[in-house]
Amino acid sequence: MTQQIAYINGHFCPIDEACISTQDRGFLFGDGVYEVIPVYQRKIFEFDAHLQRFKNSLAATQIPNPMADSAWRILCESLIEKHPWEDQFLYLQVTRGIQLHREHLPEENLTPTVYAYTNPLKPIPEQVLQNGIKVITLEDIRWLRCDIKAITLLPNVMMKLAAKQAGADDAILIARDGTVSEGTASNVFMVKNGELFTPPTGNKLLPGITRQVIEAIAKAHHFPLHETELLPSDLAHADEIWLTSSTKEALPVTQLNGQPVGTGKPGEVWKTFKQHYQNFKNQFLEAHR
Ligand SMILES: Cc1ncc(COP(=O)(O)O)c(C=O)c1O
């Protein structure tokens, strides 16, 4: 077993020895933000985009960014180096810090708590790639700032549990205005008549970095892609549906609310984009050799 090493407030230690104060506002209020970044062959994928989103989350919550861009990169590279896995996913978290007196209003000049660790990034099981996943639609019970990658994930956990209890692998969320927002930990794409559709960024969803990469791939291959609001009825008539995220890339959804999506098998457009995505990763690796 690999000894996992974590980073906490300036030092590295075995992950099970990393400690925070019980008065940390992250622990008591969920007052913090995080980032998840994939690493392929020990190279950090789309680092700048992930760091920018992390800084956006910090700025939106008025939590001071405790480190320079170069220090974030060094931290990530140090974590990668301390672990044997070729493919990893890094987790970075900043909370507003320790406050002894309970008060929603944060005290001024708190020192943010910085926590980071890495995990092995496992390939998606062949069975999932062959058969796709089953998804149900659920009411999106989250707040109105889903563009912030906040550590407060209780609604996401509850919706994921509800999906599992309904016999599904995941859920696609329907915002209170009746439009499709995203998955419980992913963005949503739909294919209809050979064109791609995804909901526009805004406060209803996280601007996914995988989503951004797929948009860049579509553009490079002149594949029509529309950022447009989608309704549950659009999904019900889709030829293909995908869920995208840094740890899962693009997963084909082959069953929605008990009905087959398209042919009920992973679609041809998904297969093409899966190959494009691998090529994109390979080009990135070539460029960073
Ligand atoms: C709610 C939510 N939406 C979308 C995504 C996809 O983002 P990314 O592609 O940057 O991993 C995630 C990733 O975890 C997520 O939690």
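Predicted model: local features only at pLDDT ≥ 70, side-chain atom pairs only at ≥ 80, totals over all residues.
Domain 1 covers residues 5-120, and domain 2 covers residues 126-285.

**Contact between the domains**

- The contact takes 22 residues from domain 1, while domain 2 gives 14 residues to it.
- On the side of domain 1 that touches domain 2, at least two residues each are supplied by β3 (32-40), α2 (47-61) and β5 (88-95).
- Of these elements, β3 provides the largest share of that side of domain 1, with eight residues.
- By residue class, the side of domain 1 that touches domain 2 consists of 10 nonpolar, eight polar and four charged residues.

**Surroundings of the ligand**

- The ligand has 13 residues around it, and those that come nearest are L206, G208, I209, T210 and S246.
- Two elements, α6 (209-220) and β13 (240-245), each supply at least two residues of the shell around the ligand, and the largest share, three residues, comes from α6.
- The shell around the ligand divides into seven polar, four nonpolar and two charged residues.

**Nonpolar cores**

- The largest nonpolar core holds 32 residues, of which M190, L235, I241, W242 and V253 touch the most other members.
- At least two residues of this core come from each of α5, β8 (170-174), β10 (187-192), β11 (195-198), α6, β13, β14 (249-256) and α8 (268-287), so that α6 and β13 contribute both to this core and to the shell around the ligand.
- When its neighbours within four places in sequence are left aside, W242 is in contact with F189, A250, L251, P252, V253 and W270.

- Helix α5 (residues 154-165) has 12 residues and should span 16 Å at 1.5 Å a residue, a value with which the separation of its end C-alpha atoms, 16 Å, agrees.
- Just after α5, G167 takes a positive phi of about 85°.

Terms used: Residues numbered from 1 in each chain as written. Near = placed C-beta within 6 Å. Helix = DSSP H or I, 4+ residues; strand = E, 2+ residues; numbered from the N terminus. Nonpolar A, V, L, I, M, F, W, Y, C, P; charged D, E, K, R; others polar. Domains from an automatic or database assignment. Contact = placed C-beta atoms within 7 Å. Expected span 1.5 Å × (residues − 1). Core = buried A, V, L, I, M, F, W, Y, C linked by C-beta atoms within 7 Å. Buried ≥ 20, exposed ≤ 12 C-beta atoms within 10 Å, placed from the backbone.
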